[in-house]
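Q: I'd like a close look at one part of this model, strand by strand and then down to a single side chain. Could you walk me through it?

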Amino acid sequence: MNSAHHSTPDLSGARWRTGSYSGGNNECVEVAPNLPHLVPVRDSTRPAGPAIAFSHHAWRAFVNDLAPAEVPHSFPI
C-alpha cells in the first residue's frame with residue numbers, strides 16, 4: 001500500500017467554465033484552466049463536490065485525443 005501524502009490543492013481562485021457542448025442543460029463537466037500548475041475538472045451538477053486535477057500537459061493531451069465528431073474542442077487547452 002502506498003503511504004504517500006497528497007495535499008488538497010487550493011481551488012479558491014479557480015474560474016470555472018462549462019464547455020459549450022453541454023447544451024445548457026447543466027449536465028456537463030466544468031474546467032478551470034486559469035490556475036498556473038493544474039487544470040481542475042468537476043461535475044457541474046455538484047459544484048461544491050470533489051474535483052479531479054490534471055497537469056496542463058495531461059489536460060491538453062486528453063482534449064486533443066477526443067474525436068472531433070464526439071466533442072468539439074470547446075474546452076480551453
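Let's begin with the pairing: how many bridges join E3 to strand E4, and in which sense do the two run?

A: Bear in mind that this is a predicted model. E3 and strand E4 (residues 51-54) run antiparallel, with 4 bridges joining them. One of the pairs to look for is Pro-40, which stands opposite Ala-53 in E4. E3 also has strand E2 (residues 29-31) as a partner: those two pair in the antiparallel sense over 3 bridges. There you'll find Val-31 with its bridge partner in E3, Val-41.

Zoom out a bit, and you get an open sheet of 4 strands with antiparallel pairing, in the order E1-E2-E3-E4. Strand E1 (17-18) and E4 are the edge strands, each pairing on one side only. As for E3 (residues 39-43), that strand is mostly covered, with 4 of its 5 residues buried.

Now for the single side chain. Glu-30 is found in strand E2 and stands opposite Arg-42 in E3. Glu-30 counts as buried because its relative accessibility is 12%, and the cut-off for buried is under 20%. What does its side chain do there? The side chains of Glu-30 and Arg-42 are joined by a polar contact of 2.6 Å. The Glu-30 side chain also makes a polar contact, at 3.2 Å, with the side chain of Thr-18. If you leave aside neighbours within four places in sequence, the residues in contact with Glu-30 are Trp-16, Arg-17, Thr-18, Pro-40, Val-41, Arg-42 and Ser-44.

Definitions and conventions: Residues numbered from 1 in each chain as written. Predicted model: local features only at pLDDT ≥ 70, side-chain atom pairs only at ≥ 80, totals over all residues. Heavy atoms only, no water. Buried < 20%, exposed > 50% of the residue type's maximum accessible area, 1.4 Å probe, protein only. Pairing = 2+ DSSP bridges. Polar contact = N/O pair within 3.5 Å; in protein donor to acceptor, adjacent residues only side chain to side chain. Contact = heavy atoms within 4.5 Å.
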